[in-house]
Amino acid sequence: MLRFIHCADLHFDRTFEGLHLITQVKELPLANNQVLEKIVTLALNEQVDFLVFAGDIFHQNRPSLKTQHQFFKQINRLKEQDIPVYMIFGNHDYFEKERYWFDFPENIHLFTEEKVRTIHGKNKTGESYAISGFSYQHPWITTSKVSEFPKKAATYHIGMYHGDSNGERFAPFQIQEMKQKNYDYWALGHIHVPTVLSKMPPIIYPGTPQGHTQKEKETGVQLVTLDGMKVHYETKKVAAVTWEDYELSLLGIKSRKDALEAMKAFFQTS
C-alpha cells in the first residue's frame, strides 16, 4: 500500500486580490504560511509515504529569501520524520537555479529539467514506486510532454504533470495518451479548480490549497491511497482563508454611505 498527498498551485508567496479595504489586510500574508503548515501537519498526522508538489508552489520564479526560508522551515518538519517530497516547477515558478539562495532540504527530490525523468523509491514497508515528471524552465511549454513518459516501471507508478489539456501554451495533453502509460495515478497541476479528468486511472487536478481570489472558492489537496488495484482519493481542506457568497438586500438604501453601514452591520451580526 502507498499513501501520499498530492498538492499543486500553492502559490506560496501570492497576495490576496480584492481585499485591500479590510482591516486585517496586513495579516493576510501569514495565511500562506498557515496553509503550508496545515499541509505538512496533515502529512505527519496521516503518516503518508511522501508528498508530491505538482508545480506553481511559488507564485513567481524569484521567491524572496524570506519566502524560501519559510518554505524550507516547513519542509524540514517532514525531513525530521523521513518523509520525502517530490516537486516539479510550473509556469509561474519555472526553475532557474540561481534564483535560490539556500540549498533545498535533502528530503526534496527536484525535477528541474524540461525533459521527463523518473525517480525510483521504496516506502518504509518496502513497496516500490516510481515517479516521473518534468519542470518548466520557461514561462510556457507549447508541446505535449506525455510521449516522453515511460511505461509503468514499478509496483506503483505516478506521473506528475503541470499543464492544460485545453490550452496551447502550457504543455497541452490528451487524456487517452496518459491512460496508455498504465500509471496508477496522474498528479496534475495548473488548473485551480478541483477537477477529476479520469477515475481509472485517476487523472486529477487537486485545485489550489488556498484561494487567493473570489473565484477560488473550492480548494484543497488530495490524500491518495494506492492498494494493489484499488485506489482511494479524498479532498482535504487546508485553506486558512475562505471565500463565501452572501446575499444582502439594500432595499430602501439611498446612499453609498448607508449601503456601507448596512453591510458592516450585516457582517457584525452574521
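Biologist: How much accessible surface does the protein chain have, and what share of it belongs to carbon and sulfur atoms?

Modeller: The accessible surface is about 14300 Å². Carbon and sulfur atoms hold 50% of that. Keep in mind that this is a predicted model.

Biologist: What makes the radius of gyration agree with a compact globule?

Modeller: A compact globule with 270 residues would have a radius of gyration near 18 Å. The protein chain has 20 Å, so the two agree. Along the principal axes, the C-alpha atoms fill a box of roughly 70 × 40 × 35 Å.

Biologist: What secondary structure and how much burial does the chain have?

Modeller: The protein chain has four helices and 12 strands. Of its 270 residues, 49% count as buried. Take the contacts with a separation of 6 or more: 67% of them come from residues 24 or more positions apart.

Biologist: Why is the pair R3 and E46 called a salt bridge?

Modeller: The cut-off is 4 Å, from a side-chain nitrogen of Lys or Arg to a carboxyl oxygen of Asp or Glu. R3 and E46 have an N to O distance of 3.1 Å, so the pair meets the rule. R3 lies in strand 1 and E46 in helix 1, so the pair ties together parts that are 43 residues apart in sequence.

Biologist: What about E234 and K236?

Modeller: Their side chains also meet in a salt bridge, at 3.3 Å, N to O. E234 is partly exposed, with 34% relative accessibility. By the salt-bridge rule the count comes to five.

Biologist: Which residues touch the most other members of the largest nonpolar core?

Modeller: L51, F53, F71 and M87 do, in a core of 31 residues. Elements that give two or more residues to this core are strand 1, helix 1, strand 2, helix 2, strand 3, strand 4 and strand 11. Helix 1 gives the largest share, six residues. A second, separate core has 20 residues, including L2, F4, A54 and I158.

Biologist: What does L51 touch?

Modeller: Leaving out residues up to four places away in sequence, L51 touches I5, I39, A43, L78, I83, P84, V85 and Y86.

Biologist: Why is I75 called buried?

Modeller: I75 has a relative accessible area of 0%. The limit is under 20%, so the label holds. I75 is in helix 2. Beyond its neighbours within four places in sequence, I75 is in contact with F53, V85, P105, N107 and I108. The C-alpha atoms of I75 and E177, 102 residues apart along the chain, are separated by 33 Å.

Biologist: What makes the pair Q222 and T235 a polar contact?

Modeller: Their side chains come to 2.8 Å, and the cut-off is within 3.5 Å, so the distance passes. Q222 is in strand 11 and is buried at 5% relative accessible area. Apart from neighbours within four places in sequence, its contacts include F4, H6, Y185, I204 and Y233.

Biologist: How do you know that H157 makes a polar contact with Y183?

Modeller: The two side chains come to 3.4 Å. H157 is in strand 7, and its relative accessible area of 0% makes it buried. Among its contacts outside four places in sequence are T118, A130, S132, K152 and D184.

Definitions and conventions:
Residues numbered from 1 in each chain as written. Predicted model: local features only at pLDDT ≥ 70, side-chain atom pairs only at ≥ 80, totals over all residues. Heavy atoms only, no water. Buried < 20%, exposed > 50% of the residue type's maximum accessible area, 1.4 Å probe, protein only. Core = buried A, V, L, I, M, F, W, Y, C linked by side-chain atoms within 4.5 Å. Contact = heavy atoms within 4.5 Å. Polar contact = N/O pair within 3.5 Å; in protein donor to acceptor, adjacent residues only side chain to side chain. Rg over C-alpha atoms; globule rule 2.2 N^0.38 Å. Areas by Shrake-Rupley, 256 points an atom, 1.4 Å probe, with all protein chains shown as cover.
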